[in-house]
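Dear colleague,

I am passing on the structure that we spoke about, together with some notes on its contents. Please read them with the coordinates open beside you.

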Amino acid sequence: MDAQREELQRIISTLANKDDEIQNFIETLNHTLQNVQVNTAKVLLDLEQEFGALQSTLDEMKDSMANKIKQDQAYKSQELRNQLTICSNALEGSEELLDYANRTLSTKDSEAFTKAAKQIKDRVTMAPAFRLSLKPKISDNMTHLMVDFSQEKQMLKSLKFLPVPQAPEVDPADCLVADNCVTITWSMPEDDKKIDHYILEYRKTNHEGPPRVKEERNWDIIDYIKTTEYTLSGLKFESKYMNFRVRACNKAVAGDYSEPITLETKGFNFNFDGTTSHQNLKVDDFSVEWDSSGGKGQENKVKGKENKGRSGTPSPKRTSVSCRPGSGRSNRDRFSGESYTVLGDGVIENGQHYWEVKSQKDCKSYSIGVSYRNLGKFDQLGKTITSWCVHINNWLQASFAAKHNNKAKAMDGQVPDRIGVYCDYDGGQISFYNADTKQLLHTFKTKFTQPIIPAFMVWCGGLSLYTGLQVPSALKSFQKGNGELSNSANSLITLAQ
C-alpha cells in the first residue's frame, strides 16, 4: 500500500503540473485572442485611411478587401474559441481527477484505496489533458492583410495584400557566445529582395527552454539591422540564459518572429561582502574605498546585512554552477588591525572563473587575489600560506609584486589600469593579467584543498569590481598553448596546506 501511495503521490504531482501548464496555455490563448481583436482594429483603420484617399471607383475593392479581413478575423476567433473550449474542458476534467486523487489518498480502507488508485491510474492514461497540443492553432498576427495604394489608378483592380516577409530561421549552432558577446546569425527560408531590414529582440532569463509568456524582463530591441548577423557586445552575464528572436521588415510591414532560441550565458557573479570588511573600508556591491573615519557611517548597514545573511536566502543572481554565494565569514569578526581587507561573497569550489578589478588613480596601496575562508582577521593577503595575490604599492617606494606565504616576487613592467584574475580551481591555478591587453602578469600553481574566495586589500584609495564575465577566449588560447605552466618564468608552484 505504501508503494501505491507513493505512485499516487507522483500522479498527483504530475496532474498538478499539467494543470499549471494548461492554465498557462489558456492565458496564452486569451492573450492571442485579445491580440487578434487589437490587430484587426489596426489593419482595418489602415485600410480605411488608404481607401479614404482614393476615388469612388475604389469602393467596390474596399468592400471586398474589408470583407476578407473580417472573414479572417472570424475564422481565427472561432478557431481560438474552439481551442479554448477544449482546453477548458480538459482542465476541468483534470481538476476533478486531481480532487478525486487527493480524496483517495486519505482513504483508510485498503481494498477501496487499491481499487480507486487503479481507477485513477487508468483515467490518467486516458485523460485529455495529456493529449492536448499546447500550441495555438492560429496566430494573432493580421499583418498579412495590410494594403498599399500607391499604384496608379489603372492598376487598382489588381491590388493585393502586401507580401509579408517570412519568419527568419535562427539555428543556435550558428550562434556564438564568447567574451561576454553574443553573435546571432539567421537566414531566410526563401530569398526576398523586398526585405529592407531586420529587428533583433533579446532578454535575459534564468529559465531554460522556450521563452515564457509571463517573463520578468521585457524584450530589448535592436532595429534597422541591414545584415543577417548581429553581435551584442559588452554584456554582463548576470543571468543563466538569454532569449533571442528576429523578424524581417520590408518598407511597409514586419513579418512574423522567428522561433525564439535560448542560449546559455554563464558568468561568475559576486559582490564585495561588507560583513567581512575592515572598519576603515566603505563597501558597496561593486566598489570599496578607504574611509579614514573608521567606517562609522556604514556600521548600521553592515549589521543589517549580517542579520539578513543569517536568515535570508541568497539572491539567485549570485549563484553559478561552480560557486555558491556567501563567504562564510558573516558569523565571525571582520578584518581588523592593519589587514584592510574585504572578501567577495562568492565561494569557488570547482571550474574556471574570471573577474576584473580597477583601482583609483590615486590609490596608494592595494592587493588583488584569493584566499581560503579561514583567513584570520589580522592576516594580510599574501602573507599566509592560504592566500595568493598581486600587491601594488604607490606610496614612498613603488613596488609591484606577486605574494604568497610571506614571499614576494617582484614583477617588471607598468601596473595595468585594470587587472584580470583567472582562477582554474580544478587545475590549481591563479593567474593575473592585464585586462586590456590580456598579457600574463603572474601565475600561481598550487593544489587547492579547500574552497577559495576572491579577496581584496585597499589603503588610501579605492577599487571597482567587474563580475558576470566569461573567461576571455584569449586566455583560453593562452592556457591551452602553455599547458605546463610550471616551466614558465612567470609562475610559482606552491602547495596549499
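How many salt bridges does the structure hold? Before the answer, a word on conventions: the model is predicted, so that local features need pLDDT of at least 70 and side-chain atom pairs count only at pLDDT 80 or more, while totals for chains, interfaces and linings use all residues. Residues are numbered from 1 along each chain as its sequence is written, and side-chain values use heavy atoms, with hydrogens and water left out.

The answer is nine salt bridges, a salt bridge being a side-chain nitrogen of Lys or Arg within 4 Å of a carboxyl oxygen of Asp or Glu. Among them is the bridge between Lys 118 and Asp 122, whose closest N and O atoms are 3.2 Å apart. Both residues belong to helix H3 (residues 110-126), where Lys 118 and Asp 122 are four residues apart, about one turn of the helix; helices (H or I, at least four residues) and strands (E, at least two) are DSSP runs numbered from the N terminus. Lys 118 is exposed because its relative accessible area is 54%, whereas Asp 122, at 40%, counts as partly exposed; buried means under 20% relative accessible area, exposed over 50%, and partly exposed in between, with a 1.4 Å probe and protein chains only.

Another salt bridge joins Arg 245 to Glu 201, with 2.8 Å between the closest N and O atoms. This pair links distant parts of the chain, since Arg 245 lies in strand E7 (residues 241-249) and Glu 201 in strand E4 (residues 197-205), 44 residues apart. Arg 245 and Glu 201 are both buried. The charged end of Arg 245 also sits over the ring of Trp 219, 4.1 Å from its centre, where a charge counts as over a ring if NZ of Lys or CZ of Arg is within 6 Å of the ring centre and within 35 degrees of the ring normal. Arg 5, in turn, lies over the face of Phe 113, at 4.8 Å from the ring centre. A further salt bridge, between Asp 191 and Lys 193, has its closest N and O atoms 3.3 Å apart, and both Asp 191 and Lys 193 are exposed.

Turning to the rings, a search of the whole structure finds 13 aromatic pairs; rings of Phe, Tyr and Trp (its six-membered ring) pair if their centres lie within 6.5 Å, and planes under 30 degrees apart count as stacked, over 60 as edge-to-face and the rest as tilted. One of the pairs is Trp 186 with Tyr 198, edge-to-face at 5.5 Å centre to centre and with 65 degrees between the planes. Trp 186 in strand E3 (residues 181-187) and Tyr 198 in strand E4 are twelve residues apart, and the pair links distant parts of the chain. Trp 186 counts as buried at 3% relative accessibility, and Tyr 198 is buried with a relative accessible area of 8%.

Phe 268 and Trp 355 likewise form an edge-to-face pair, with 5.5 Å centre to centre and 65 degrees between the planes. Here Phe 268 comes from the loop between strand E8 (261-264) and strand E9 (272-273), and Trp 355 from strand E15, 87 residues apart. Phe 268 counts as buried because its relative accessibility is 2%, and Trp 355 is buried as well. Phe 268 and His 353 are 85 residues apart in sequence, yet 6.1 Å apart in space, C-alpha to C-alpha. Elsewhere, ring pairs link Trp 290, Tyr 340, Trp 395 and Trp 459 into a cluster.

Strand E15 (residues 352-359) is mostly covered, with six of its eight residues buried. E15 pairs in the antiparallel sense with strand E20 (residues 418-424) over seven bridges, two strands being paired if DSSP finds at least two bridges between them, and Tyr 354 stands opposite Tyr 422 in E20. E15 also pairs in the antiparallel sense with strand E24 (residues 462-466), over four bridges, and there Lys 358 stands opposite Ser 464.

For the chain as a whole, the secondary structure comes to five helices and 25 strands, and 45% of the 497 residues count as buried.

With best wishes
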